[in-house]
Amino acid sequence: MTPLLKAEGLVRCYEGQKTLFKKSGTVRAVDRIDLTLKPGETLGFVGESGSGKSTLGRMLLGIDPATEGHVSFDGKPMPQMYSPEWRALRAQMQLVFQDPLAALDRRLTIADQIGEPLEIHGLAKGYALKERVSALMEQVGLRPEQGARYPHELSGGQRQRVIIARALATSPRLLVCDEPVSALDVSIQAQVVNLLRDLQEDHGIAMVFISHDLKVVRNICDRVAVMYLGRIVEEASSDEIFAYPQHPYTKALVSSVPLPGQSLQGRILLKGEPPNPAHRPSGCAFHPRCSAAIPSCAIDVPALENTAPKRRAACHLLNKPLSGKVA
Ligand code: SF4
């Protein structure tokens, strides 16, 4: 089956900030990422802030240009941003933002904003447009009469439903959701996650789900990629990642999420903060914080390799004959 989305060797570099005392350096925000996403599949990206997951999400939509590497959608190369071909393709690929208030225009009514993509792509007008907007509002749990309101007249959860309705308007095949619930109250988060999951199941939309919240990711994703300083350090099915994490970083992240009915006994506390991406540690970038590190970890970069069918990890302890050091 042709993957809906494929990324090969993706790299995104930025110039770091120059200060009085330091020269600017190049920051590799995303570093040699390969991935595929099948139609209808949900792939989660997790990691601490600065891991490059949001940059990667924008690159997959062609919004952030790759310094190196390629993205293809439905077997064809991603067109250049703002080209007519890219604008046409955007109907099939939509982004759900973290902050719905910032993503909405305060001067336009909800109905106008949900209908906007339909007008831009010439998909509906007049009465058909009104009908489609009402149907989309009902689909995401809003009442059509709320369409006359402005963004500030809605709650945070309702505003995120508006963003989702607008993203669904063009019947996309791919949704990239960047921390879609992190700005919402905990009580509302579950409602929005359930809504996304139901919509995804009903319409078979493929989804890239970016989040630092592993509980949410476990709830919605088929597959999970764990990122650290711009690289994928482990990728596996959601069930495997949460039941049998292999990489020491994944083990620490997963240990901070209690399974239903379990306490946080055995939690692995990560040492320190993630390093500044402009000053990437040598060898395995995780080695200054890794309790399992061996001397070669500070020298050799571990490759992301298969550790089992459909599982990949980048760790010297996993990618050589088992030494018994893997806890
Ligand atoms: Fe830890 Fe070494 Fe594995 Fe990196 S390669 S995760 S430092 S054991």
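Because 5 of the 5 residues of strand 8 (residues 206-210) are buried, the strand is largely enclosed by the rest of the structure. Strands here are DSSP runs of E with at least two residues, and helices are runs of H or I with at least four, each numbered from the N terminus. The structure is a predicted model, in which local features need pLDDT of at least 70 and side-chain atom pairs count only at pLDDT 80 or more, whereas totals for chains, interfaces and linings use all residues. Residues are numbered from 1 along each chain as its sequence is written, and side-chain values use heavy atoms, with hydrogens and water left out.

Strand 7 (residues 174-178) runs parallel to strand 8 and is joined to it by 5 bridges, with valine 176 having valine 208 of strand 8 as its bridge partner. Strand 3 (residues 42-46) also runs parallel to strand 8, through 4 bridges, and here phenylalanine 45 has isoleucine 210 as its partner in strand 8.

Strand 10 (residues 231-237) and strand 12 (residues 311-313) pair in the antiparallel sense over 2 bridges, and glutamate 234 has alanine 313 of strand 12 as its bridge partner.

## Helix 1

Helix 1 (residues 53-60) is largely enclosed by the rest of the structure, because 6 of its 8 residues are buried. The buried residues are Lys53, Thr55, Leu56, Gly57, Met59 and Leu60. Just after this helix, glycine 62 takes a positive phi of about 80°.

## The ligand site

The residues around the ligand are His247, Pro248, Cys284, Phe286, His287, Cys290, Ala292, Ala293, Cys297, Cys315, His316 and Leu317, each having a heavy atom within 4 Å of the ligand. By class, this shell has 9 nonpolar, 3 polar and no charged residues, with Ala, Val, Leu, Ile, Met, Phe, Trp, Tyr, Cys and Pro counted as nonpolar, Asp, Glu, Lys and Arg as charged, and the others, Gly among them, as polar.

Notes
Buried < 20%, exposed > 50% of the residue type's maximum accessible area, 1.4 Å probe, protein only. Pairing = 2+ DSSP bridges.
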